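Student: I am new to this structure and would like to learn how to read it. Could we go through it one feature at a time?

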Amino acid sequence: MYDLAGADPDLRFSPYCWRIRFALAHKGLPVETIPWRFGDGDKIAFSGQGKVPVIQDAGTTVFDSWSIADYLEEQAPMPSLFGGGIGRAHAVFINAWADSILVGGIAPLIIRDLLDVIDPNDREYFRSSREARFGKTLEQVQEGRADRLAAFRASLLPIRLVLRRQEWLGGAGPSYADHIVAGTLMWPRCASRLELLEDNDPIAAWFGRVLDLYGGLGRSAMRA
Ligand SMILES: N[C@@H](CCC(=O)N[C@@H](CS)C(=O)NCC(=O)O)C(=O)O
């Protein structure tokens with residue numbers, strides 16, 4: 001699996017790659033991760049696109065985290081990521097919510113921090129591409145984040161309400177819905193020092209449980 005890495009090759013912080021690291025571990029599938037930087041487009045050119053995660057499995061190439069989760073579920077059905085068709089359909093919603101609201105809420109809080117952890121050769125590309133997207137400098141985007149944190153935390157209310165009722169988004173046990181949200185939260189955890197969640201938030205307690213899954217895969221990941 002090609003996995004976004006920082007200047008330190010052990011620093012892995014992509015929200016999409018983490019979803020798949022958790023999904024692979026859920027299924028007990030071994031993986032070799034290959035550190036990939038924004039400037040390494042040619043290394044994944046074989047996939048016909050320019051983003052990670054990309055996996056290669058016995059001659060099959062799959063990219064896009066959702067497509068990879070689907071592929072893993074087809075190839076190795078148990079233990080299931082989705083718990084069947086209805087669970088999969090609900091996970092489509094969680095994936096869409098995470099990609100838009102969660103990623104969109106976190107990015108303005110940590111985007112300047114990312115510049116400090118990525119490979120120096122990636123900095124110019126990262127700054128110019130993201131500043132074009134936001135229409136502001138990275139510093140301007142991140143400025144005043146302490147004042148915006150409460151609103152971000154409030155935006156997580158739907159997940160908080162679910163986790164007050166049940167231990168996992170998947171119900172009695174973790175499912176790909178948990179991997180999507182926790183994988184996304186690995187991005188600020190690994191790439192920034194910002195304390196995104198309050199200690200007494202049920203989401204923080206649940207995230208702690210996810211970090212301890214699979215032999216502490218998430219907890220042992222390198223942090224900036
Ligand atoms: N929809 C894709 C998104 C993947 C994605 O955006 N990956 C980022 C890393 S987090 C990337 O490779 N970006 C390359 C670039 O911006 O040039 C997925 O779910 O895998």
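Student: Which residues does Tyr176 touch, not counting residues up to four places away in sequence?

Tutor: Keep in mind that this is a predicted model. Tyr176 touches Ala23, Ala69, Leu81, Phe82 and Ala91.

Student: Which residues touch the most other members of the largest nonpolar core?

Tutor: That core has 53 residues, and Ala23, Tyr176 and Val181 touch the most other members. At least two residues each come from β1, α1, β3, α2, α3, α7, α8 and α9. The largest share, 10 residues, is supplied by α8.

Student: How should I read a helix such as α2, and which of its residues are buried?

Tutor: The general idea comes first. An α-helix has 3.6 residues a turn, so residues three or four places apart point the same way. In α2, the buried residues are Ser65, Ile68, Ala69 and Leu72. Seen down the helix axis, these buried residues of α2 fall within an arc of 100 degrees, so they line one face.

Student: What does the face of α2 turned away from the buried side carry?

Tutor: It carries the exposed residues Ser67 and Glu74.

Student: Which elements do the buried residues of α2 pack against?

Tutor: They pack against α1, β3, β4 and α8.

Student: Which elements give two or more residues to the shell around the ligand?

Tutor: Begin with the residues around the ligand, among them Tyr16, Phe38, Lys51, Asp64, Ser65 and Trp66. The elements that give two or more are α1 and α2. By type, the shell divides into seven nonpolar, three polar and two charged residues.

Conventions. Residues numbered from 1 in each chain as written. Predicted model: local features only at pLDDT ≥ 70, side-chain atom pairs only at ≥ 80, totals over all residues. Near = placed C-beta within 6 Å. Helix = DSSP H or I, 4+ residues; strand = E, 2+ residues; numbered from the N terminus. Nonpolar A, V, L, I, M, F, W, Y, C, P; charged D, E, K, R; others polar. Buried ≥ 20, exposed ≤ 12 C-beta atoms within 10 Å, placed from the backbone. Arc of directions from axis to C-beta. Contact = placed C-beta atoms within 7 Å. Core = buried A, V, L, I, M, F, W, Y, C linked by C-beta atoms within 7 Å.
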